[in-house]
Amino acid sequence: MNKINLSAYRPIADIQDNIVFANNGNVVICYKGNLPEIYSLSEKDFEDMHGAWFQALKSLPVGTVVHKQDIYLKKSYTSQQLPNSTFLEKATHEHFKGRGHIEHSCYLFFILTKNKALNNPKYVNPFRKVSKGIVQELDDNIKSFANSVSDSVSFINNSRKMDFVSLKAGDIQQLTSSYFNGFNEGYDTDILLDKKSVNIGENHFDALAINSELCFGESVQSSKTNEKF
């Protein structure tokens, strides 16, 4: 198995504001999203959200890759931010302390591909050695792409059901480090690739690939009622 040292082959060549210049020549514009609380929307609200996504993304330049990443991490609630002075506050503090919950983070990435093809090896493997001149400055082409992305994000935000804000350089670096470290905290670790699973430190990962629209059946619902409620 070929080993990749992330410190020697970093996928990021440069970051300017919320724009990432990847080693393979791709340009990535990064946002973090605030989505509605679970069970807070009706079926019509989900239809409206779907319509907003459709309208926002269809105006992007041909060849743009849109990657929406939702991260769910199982964590224990610390309750540090809760008041802890009166009897009732102390009881509430102790009740929630250490309780398990799912932490959700949503990210949205718009990718302008240097090679205009998803199956190009330089696009598939951002750690591959490339010439130093492949990383371009903000020319007219990239400015036009950034303006199109900004318009799309503004359209999504105007729906008032979602809010996407630009990621800062430090947040992008931290997300990159956490992602390739398997979201382990306090130490760096290797990624162990097995035939059935992926181990990164103490965390185990699996992957599901949907390679055809036929996997969804004849129709896809924008929402589904939870029968337990």
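Predicted model: local features only at pLDDT ≥ 70, side-chain atom pairs only at ≥ 80, totals over all residues.
Student: Which strands stand at the edges of the open sheet of three strands, and why is one side of each left without a neighbour?

Tutor: Happy to start there! The strand order is β7-β8-β9, and the pairing is antiparallel. Each edge strand has a single partner strand, so one side of it has no neighbour in the sheet. The edge strands are β7 (191–193) and β9 (203–205).

Student: Which residue in β8 is the bridge partner of Leu192?

Tutor: Let's look at how β7 meets β8, residues 198–200. These two strands are antiparallel and share three bridges. In β8, the partner of Leu192 is Asn199.

Student: Is β3 mostly covered or mostly exposed, and how many of its eight residues are buried?

Tutor: Good one to check in the viewer. Buried here means under 20% relative accessible area. By that cut-off strand β3, residues 27–34, is mostly covered, and the number of buried residues is six.

Student: Which residue in the turn between β2 and β3 has a positive phi?

Tutor: Strand β2 (residues 19–22) pairs with β3 in the antiparallel sense over three bridges, and Phe21 lies opposite Val27. The two strands make a hairpin with four residues between them. With a phi of about 95 degrees, the turn residue is Gly25.

Student: How many bridges join β3 to β5?

Tutor: Strand β5 covers residues 100–112 and runs antiparallel to β3. The number of bridges joining β3 to β5 is seven.

Conventions: Residues numbered from 1 in each chain as written. Heavy atoms only, no water. Pairing = 2+ DSSP bridges. Buried < 20%, exposed > 50% of the residue type's maximum accessible area, 1.4 Å probe, protein only.
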